[in-house]
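Let's take a friendly walk through a protein model together. Please have a look at the picture, and then read on.

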Amino acid sequence: MIRAHTAADVRTAEEPLLAAGEPLMDRAAFALATHVAAELRERGHRIPGSVILLLVGGGNNGGDALFAGSHLARRGCQVHAAVLAEHPHAAGLAAARAAGVRVHELAGAPDLNDAVTALARRAGVWVDALTGIGARAPLREPLAGLVTALAAERAASPDEPVVVAVDVPSGIGVDDGAVPGPVLPADVTVTMGAAKPGLLLPPAAALAGRVEVVDVGLEGGLAGQAPAVCRLSATDVADLWPLPGPADHKYTRGVLGVVAGSQTYPGAAVLAVAGAVRTGLGMVRYHGPEIPTSLVHARHPEVVTAPGRVQAWAIGCGIDPDDAARAQEMERGFAAGLAARVPVVLDAGGLSLVHDDAHADLPATVVLTPHAGELALLLTARGEDTTREDVDAAPARHARLAAEVTGATVLLKGPTTVVAAPDGPLYAQADATPWLATAGAGDVLAGVLGALLAGYGDALAVYAEGRLAGVPASLAAAAAYVHGRAARLAAGQGTPPRPRDVIFSVRRASHGEDDISRHTTTGQGGPISALDVAVALPAAVAGLLR
Ligand SMILES: NC(=O)C1=CN([C@@H]2O[C@H](COP(=O)(O)OP(=O)(O)OC[C@H]3O[C@@H](n4cnc5c(N)ncnc54)[C@H](OP(=O)(O)O)[C@@H]3O)[C@@H](O)[C@H]2O)[C@H](O)CC1
Ligand SMILES: [K+]
């Protein structure tokens, strides 16, 4: 699991170490230099003679780069430092000069953008060390204008330079993932001590490239701090998976009640049911009109239509809340779920059930699964005027707000899926493929999540007593993971990246990289339908339980 910690938590963890004289910056700089060298090697460049440009701000972030630059200069690189602050890190600057780094003091230069762009054109690697966790986004001028110019230069450059961001891409919201101004998109972010929330959360996460976490010795200090954002990997999801035992039968494995599909949108019923059945559970009880019922039976003869006890509900896929009969059936299922205190997934039309506060203060075992537009509608209906654009600009903040307003857990669908409960960490899962942006994919996800929640059976009904606090959010993140993994398999793209807590440890291994951090990807993949995703689910689950 990747655990991301806020800037304040990182500072609290580093304080006693710095006071004890631990060489945190040396470790950070050595790892940074090693990663830059690895990027050069990976692109087939020799390290001696390679031209590297450091973009150096006035804080310790710039200090990291100056020390890293001195290592690289000693390895024969031609290193230029564009120093953009009046008072850069003094020891770093001295070390850089001593190692032969060419220092260009450009703070206050009238032709700043031209001067830096000219240096940038000659360099194969740009190291972005303008600001790190000490800065408040957005970047101020003149750095904002410089970053805009460099981003344009890079986009126009025929042989794209590699951009390595130090700790974070300068200008992102470190704690909230906001992008309130210009940011130079990175190929790799080498982050110190622990991942930062903005490296996992949209929209900033998309500008961070591959994230490499450097162990500088903070794990002890961070162990007592709850992470702000988590990202589950295959092992975490496998640990959460409800495995059937030899004594299990269909009722103990979990029964899911599904209220999905309508005469107008019958396919949604098939997709939600397929998502549930192929994720694995004891049984599905389907509640719907004739056409969707016969379609469901044609594909899944095992589905039962008789009413009876369930351990979870999935409600709303393919249902127009203006369809009075279906709305009544959704309301009946929701009320039954709340009365029995079993988990309920509300998707699509089912979200209208919480547009007013008739069901105020929901338990976190109710999981809402909106996309950005649906979340904006829900928040607006609950008195928090919100547009889709607002949600896109700050997905995590709005998911958390919806969780606080309703009490429910919120899974906000998007290229990176964000899960928020009223308290506890956020989850940010980026396991899928752009091919998944296709009709019906959300119906399959509702089925996957419903099956997982049902698999926890009546255990989750005691959630109110707090014994399983946080489990609905982690199961929602696990559902997003498996859904994404199935989509990648269906699209022919292998398995999702395997995030690791610590990918590079300067203290445990002074050279080399951990190969296991490499992504398992195979090309661009190809188009998929929602049904393809459902079909790939058993293989996706089996692969992760291996
Ligand atoms: N995590 C670790 O274990 C270690 C991290 N290290 C590195 O240190 C930085 C944090 O360094 P810090 O000096 O606290 O701050 P920064 O370098 O991030 O930023 C301060 C400079 O940025 C300027 N600033 C602030 N806001 C803005 C803005 N909006 N626009 C432009 N410039 C801004 C600020 O200038 P002021 O005039 O505002 O003072 C400073 O010049 C961390 O990220 C790691 O990289 C250490 O290596 C130790 C180990
Ligand atoms: K930076």
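What follows covers confidence, then a sheet with its helices, and then a metal site.

**Ground rules and confidence**

This is a predicted model, in which local features need pLDDT of at least 70, side-chain atom pairs count only at pLDDT 80 or more, and totals for chains, interfaces and linings use all residues. Residues are numbered from 1 along each chain as its sequence is written, chains are lettered from A and ligands numbered from 1 in the order in which they are written, and side-chain values use heavy atoms, leaving out hydrogens and water.

The predictor's confidence in each residue is called pLDDT and runs from 0 to 100. Its mean for the protein chain is 93, and 94% of the residues reach 70 or more. Over residues 500–519, pLDDT stays under 50. The model scores ipTM 0.98 and pTM 0.94.

**The sheet**

Strands here are DSSP runs of E with at least two residues, and helices are runs of H or I with at least four, numbered from the N terminus. Two strands pair if DSSP finds at least two bridges between them. Ten strands build an open sheet with mixed pairing, in the order β1-β9-β17-β16-β15-β14-β13-β12-β10-β11. Because β1 (2–4) and β11 (283–286) each have a single partner strand, one side of each is left without a neighbour in the sheet. From one strand to the next, the twist averages 20°.

Inside the sheet, β14 (residues 366–368) and β15 (residues 409–412) run parallel and are joined by two bridges. Val-367 stands opposite Thr-409 in β15.

Contact means heavy atoms within 4.5 Å; axes are lines fitted to C-alpha atoms, for helices over the stretch in contact, and angles run from 0 to 180 degrees between N-to-C directions.

| Helix | Strands touched | Angle between directions |
|---|---|---|
| α13 (residues 324–340) | β10, β11, β12, β13, β14 | about 155° with β12 |
| α16 (residues 395–406) | β14, β15, β16, β17 | about 35° with β16 |

**The potassium site**

Which residues coordinate the potassium ion (ligand 2)? They are Asn-61 (OD1), Asp-128 (O), Thr-131 (O), Val-166 (O), Val-168 (O) and Ser-170 (OG), at 2.6 to 2.9 Å. Donors are N, O and S atoms within 2.8 Å of the metal (3.2 Å for Na, K and Ca), and water is not among the atoms, so sites may look incomplete. The six donor atoms subtend angles of 70 to 171°, which makes the arrangement irregular. Six donors count as octahedral if opposite donors are over 155 degrees apart and all others between 65 and 115.

Asp-128 in strand β5 (residues 125–129) and Val-166 in strand β6 (residues 162–166) are 38 residues apart. Buried means under 20% relative accessible area (1.4 Å probe, protein chains only). Asp-128 is buried at 2%, and Val-166 is buried at 0%.

Terms used. Tetrahedral: all angles 85-135°; square planar, octahedral: opposite > 155°, others 65-115°. Buried < 20%, exposed > 50% of the residue type's maximum accessible area, 1.4 Å probe, protein only.
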